[in-house]
Amino acid sequence: MAGDNKKKGLAVTKKELIKQKVLVIWTVVFVIYGFIFYYLPLVGWLMAFQNYKNKTGFFHSKWVGLTKFKFLFSDATFLRTIRNTFCMGTLNLIFTTVMAIVFAILLNEIKSSKIKKPIQTISYLPHFLSWIIVTGILSDALSSTGIVNEILHNIGLVKDTVPFFSIPWLFWPIVTFAHLWKETGWNAIIYLSAITSIDPSLYEAASIDGAGRWDKIKHITLPGIKSTIIVLLIMNMGNLLNAGFEVQYLLGNGLVKSVSDTIDIYVLTWGISQNDYSLGTAAGIFKSVVSIAIILLANGAAKRAGEERLF
Amino acid sequence: MKSKTVKKILTVTMSAVLATGMLAGCGGGASAGGDDAGSSAAASDDGGSSDAAADDSAAADDSAAADDGAAADTEVAEGDIVDFTFFGGMPGTEINSGNNEIQDLIAKKTGVRLKETWLTGQTVSEAIGSIIASGTYPDLIDGGDGCQDLYEEGALVAWDEYLESGKYPNLSNYYTKAEWDQFRQDDGKIYWCNVFQNTKGEPTGTTHNDEAFWVQARVLAWDNYPKIETLDEYFDLLERYAAANPTVKDANGNEMDVIPYTCLCDDWRYFCIENAPQFLDGYPNDGSVIVDFDGKDPTIVDYNTTETAKKYFKKLNEEYAKGIVDKDFGTQKYDDYIAKLSNGNVLGMCDQYWDFMQINDSFRNTGLENEGCNYVPLGLTIDKGMENRWHTYGDTLNVASGIAVTTDCADPDLAFSFLDKMLDQDIHNLRFWGVEGVDYLVDDDGLFYRTPEIRANISDPKYRADHLCFYSYLPQYGGTSDDGKNANLPEEQPSEFFDGLAKPLQDCFSAYGVKTYPDMIGSVKEDVNATHPWFPMWSYSNNLDTSTEGGIAWTKMGETKHEWLPKVVMSSNFDAEWDNYMKAYADCKPEDFLNQMQEELDRRIEAKANE
Amino acid sequence: MEENKNVLEVENNSETKASAGTDKVKITGSHKKMKGGDLAFNICNGIFMVLFCVITLYPVLNTLAISFNDGVDAMRGGVHLIPRLFTTENYEIVLALKGISRGALISVLRTVIGTILALAANALLAFIVSQKNFLFRSQLSLFWVITMYVNGGMIPVMILYKNLHLTNSFWVYVIPGMVSGFNMLVMRTYMEGLPYELQEAAQIDGAGYMKIFWNVITPLCKPIYATVALFVAVGQWNSWFDTMLYNRMADQYTTLQYELMKMLSAVTSLKGNASAATTGQTVNITPISVRAAATIITMAPIVALYPFLQRYFVTGLTIGGVKE
């Protein structure tokens with residue numbers, strides 16, 4: 001029985017293969033390309049197990065086994081940066097995703113393209129401002145003489161000025177807000193694009209049935225872009241540990257160091273500035289492994305739920 | 001703290017400052033005078049610095065360079081000029097290469113036109129790492145911290161045969177034999193030479209490019225130029241002035257609240273808050289540690305845990321509670337800090353001169369310099385009557401980096417001849433003073449000077465790109481030139497320096513009877529190389545990395561201090577917070593670091609003894 | 001199943017999307033009981049959008065204002081929407097930069113060539129992995145998804161490019177980053193959302209995979225192509241790090257962004273120009289003001305490009321919707 005099935009399966013495969021010849025050829029091309037440009041450089045991961053020096057390169061540097069990893073995971077500072085990175089990454093992911101979807105849907109509800117187009121154009125402009133400019137404006141606004149303190153003071157909410165950047169628990173929300181501010185419009189592009197692909201007759205049919213705006217959003221728009229949302233979500237979950245470097249670096253200061261330092265800042269302090277490429281690589285491997293694990297989990301969950309998924 | 005990060009970024013910043021600062025300085029832009037190229041270089045290796053003082057090699061250099069001065073008059077035809085490339089492991093301003101008047105003049109005299117490329121958006125080690133990986137080198141290179149890597153990679157040409165050939169007397173005489181020997185690598189050969197802090201003739205020492213407690217000239221004037229020697233007197237003066245003048249006018253005449261004292265803690269620049277204790281105890285800038293040698297064998301002392309450190313931070317804590325220290329000091333970024341200073345309402349701070357000197361231009365433009373907003377350095381100590389060493393006298397030889405010729409250079413002979421000719425007095429003058437009659441004038445006594453129009457020209461970026469060519473990372477001298485009158489670098493010309501000062505600064509200098517910034521500080525005048533043969537210790541601690549226990553401790557100490565020091569200052573219960581800080585500090589195992597420093601200190605003393 | 005339903009409706013509806021939109025408003029308007037709710041919705045939405053635009057626009061306009069403001073003056077703060085001390089000096093400084101026109105040319109070339117290549121490669125790859133019957137579908141997906149989260153680090157990549165002779169060449173800008181997991185995924189997702197019946201019909205007519213890709217799928221994919229093109233173009237236009245790493249010594253291939261970067265890192269320590277004291281003019285540049293000018297110069301071309309691509313987001317589907 002089992003043998004029969006197998007034979008049959010093989011036969012099908014062979015037939016299919018011939019049919020899909022052109023796809024297979026292109027697949028080979030893409031795999032070769034990907035192997036060269038993405039997988040071959042992974043030889044560099046060997047550095048994490050060495051005491052890498054420029055002079056000796058990775059073929060002749062001294063092997064040190066897991067020393068670098070042991071150093072990382074015995075260092076309380078590193079563990080703290082994992083927590084910071086993970087939490088900021090999660091906050092950013094949740095809020096930017098929700099905000100981008102909300103914005104895309106609301107924008108889509110504006111029917112006049114004379115209003116809609118300028119708003120959309122405005123919305124993605126901040127994407128082009130570098131972080132250094134955005135954080136500069138943000139710290140101005142939140143400084144003791146900034147506009148936020150002025151408003152809070154004028155409406156009588158606070159007596160003294162709020163030193164926003166010296167209060168540790170405020171740091172994560174500020175970073176999240178900075179991301180929202182800069183990227184909402186840009187992130188919404190892809191959802192808007194998905195919304196435009198929803199068949200307009202569905203809305204008309206719903207209208208005739210007497211559905212209101214909320215009903216239509218709930219029953220047509222959201223289901224229509226569900227696959228986009230899920231795929232992007234899974235994908236971005238892989239980036240949880242890439243919560244960043246620049247924002248935290250530019251907004252952070254000594255007083256909030258314990259919550260602001262991310263893995264990338266740690267790598268800068270301990271790896272690059274100290275010429276310790278090996279340590280930086282070890283941290284990089286850790287990030288990659290965790291990212292892939294998260295992706296596999298999320299993808300698996302989506303698969304079990306019968307939803308769209310990455311692969 | 002003096003971590004390696006700090007050093008790198010410092011190197012980077014300082015070099016940029018150097019490259020541009022010399023220009024702006026001689027342009028008279030800095031009312032406080034130009035920065036001193038020599039000490040810039042030292043500061044780039046971590047704030048440690050000394051201005052020019054007698055240098056053993058000076059006399060020898062003098063005569064050799066003089067002989068050679070006239071030799072370069074034969075012109076090289078345009079077609080025979082060779083284009084060389086140069087990479088500098090520090091940010092810099094590119095000139096309009098190939099279209100620059102002085103570059104062309106120098107090319108005609110040397111046969112070489114050098115195209116300079118500078119570090120951008122990377123650390124030095126990353127840049128050098130990628131240059132090594134790419135396998136293509138420029139003809140000349142200053143690899144900064146990456147020099148060692150380049151040498152180990154076999155990318156550099158050994159200088160020995162060229163120095164010994166006798167064809168390049170300027171270079172051979174640039175350093176004494178003992179000094180050249182210090183550049184030797186483990187194969188016994190020389191691969192690069194540092195181009196800064198090399199005094200020829202007499203040192204002129206007009207500037208203090210280093211750290212000090214600074215105070216606005218008008219604050220001193222208001223109190224009839226009192227003698228301020230201690231930390232307590234300093235804050236007392238600030239308090240009294242702020243009480244009498246709660247607001248000051250900004251450039252547009254609007255009233256602003258006075259900020260009596262601010263303190264920068266941003267990233268690597270938090271040295272502004274942390275390293276004062278070593279100076280307050282009267283020690284020079286060894287950077288990472290104090291070397292105590294009073295009547296005993298030199299011993300490493302940690303300045304972070306001394307009584308003086310505690311007193312200093314307690315003082316800051318008290319002043320913070322009184323509202324004298326800026327409320328935002330712990331969170332301000334460098335840009336905010338500079339903006340604040342250029343508003344003119346900050347009365348004082350502790351900082352390295354190069355870190356804030358650009359505000360002098362702002363003061364000049366807005367007219368605030370006439371209000372006495374410019375800062376004057378004070379050489380404070382913790383108790384009265386102590387010696388201070390905020391300013392160090394004497395060249396500091398940094399053998400860790402410098403200009404090198406790479407193996408990719410097709411004609412090393414020409415490269416060395418080019419480097420050699422950089423030291424010819426006429427080319428040296430072309431580089432730093434410019435063209436006579438255009439960029440400087442000569443008075444009846446043979447002294448070079450500049451008019452305000454020339455200064456304006458020279459600080460115009462376009463003019464600089466099209467006309468001036470400093471080759472700022474090629475061999476150069478400080479001190480005075482072969483004529484025995486003029487300074488090699490315009491900003492070190494005393495007359496040029498004093499004329500460029502704002503009126504309130506000139507008044508202030510006169511009131512104290514001083515002519516230069518170092519005089520104002522009144523540090524002990526001693527050749528630091530003679531009195532502190534191990535100086536500076538930072539040249540070792542800067543090169544620590546995480547491969548040693550001491551290096552790990554060093555990085556952790558830096559992180560801890562950065563987090564705790566502002567907390568301690570802002571705390572409502574100083575003593576308890578200080579104890580917490582000390583506990584966190586002890587967890588970094590500073591003893592690992594200190595022991596390693598002691599070993600290095602002993603090694604250096606022994607090496608000197610065997611010399 | 002759900003897809004099937006959609007397809008039928010798509011086929012029955014030959015109206016353009018724009019006109020469908022207006023129809024909908026009319027239809028909704030005719031239902032009186034809905035009107036109140038809709039009005040409230042519109043008002044809330046309006047307020048939200050106004051707030052959103054104000055908060056979003058401010059930093060951009062502020063940057064614009066600073067770019068036209070005297071540098072030293074801007075350092076004092078307080079410049080919001082209108083330059084206080086107007087000057088074009090910041091732009092003059094940036095535009096007078098040597099090599100800026102050549103840099104701009106290289107930037108345009110890399111953006112155009114890079115976008116076309118990336119679009120072609122990603123679309124083809126996405127098409128392959130969108131084929132439900134394809135035998136190695138999920139393996140190929142995974143292969144590319146992994147590339148999004150791993151990298152070997154700077155040095156190994158450098159050595160690789162050197163051996164491929166990509167360093168000191170233009171091609172380093174467009175070849176290595178041509179295929180990206182992200183772009184492949186968004187395109188694939190979109191393609192999978194297309195009615196499968198269209199492809200089936202073509203297959204019955206005897207069309208091969210490549211023909212289906214070109215004649216059936218591609219025309220339907222304009223919206224997503226436009227989106228990905230924008231992503232790639234922005235990335236290409238803004239990138240400077242690769243120039244620095246691989247073409248630092250090859251002057252002829254440096255890009256606009258790299259030239260600007262070089263200038264900014266030099267200007268960071270630039271002092272303000274002191275000529276004011278002598279000539280009475282204030283010509284002051286500071287990092288803040290020059291950075292603002294450079295930002296605006298960088299932004300302008302992409303901002304100009306966007307509305308052009310935006311057109312496809314809205315009209316894209318009307319072209320392919322009725323195809324049998």
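Which residues in H6(A) are buried? Here are a few notes on that and on some other features of this predicted model.

1. Let me start with the helix itself. H6 of chain A runs over residues 113–124, twelve residues in total. From its first C-alpha to its last it reaches 17 Å, close to the 16 Å expected at 1.5 Å a residue.

2. Now to the opening question: the buried residues in H6(A) are A:Gln120, A:Ser123 and A:Tyr124. They sit on the same side of H6(A), because the arc they cover around the axis is only 80°. As a reminder, an α-helix has 3.6 residues a turn, so residues three or four places apart point the same way.

3. Do look at the other face of H6(A) too. Turned away from the buried side, that face carries A:Lys114 and A:Pro118, which are exposed.

4. Next, the contact of the two chains. Chain A brings 24 residues to it and chain B brings 30. On the side of chain A that touches chain B, the elements giving two or more residues are helix H7 (131–142), helix H14 (257–260) and helix H15 (263–272). H15(A) gives the most, with three residues.

5. Finally, chain B. Domain 1 of chain B takes in 53–204 and 398–497, while domain 2 takes in 211–390 and 502–531. Between the C-alpha centres of these two domains of chain B there are 34 Å.

Key: Residues numbered from 1 in each chain as written. Chains lettered and ligands numbered in written order. Predicted model: local features only at pLDDT ≥ 70, side-chain atom pairs only at ≥ 80, totals over all residues. Domains from an automatic or database assignment. Helix = DSSP H or I, 4+ residues; strand = E, 2+ residues; numbered from the N terminus. Expected span 1.5 Å × (residues − 1). Buried ≥ 20, exposed ≤ 12 C-beta atoms within 10 Å, placed from the backbone. Arc of directions from axis to C-beta. Contact = placed C-beta atoms within 7 Å.
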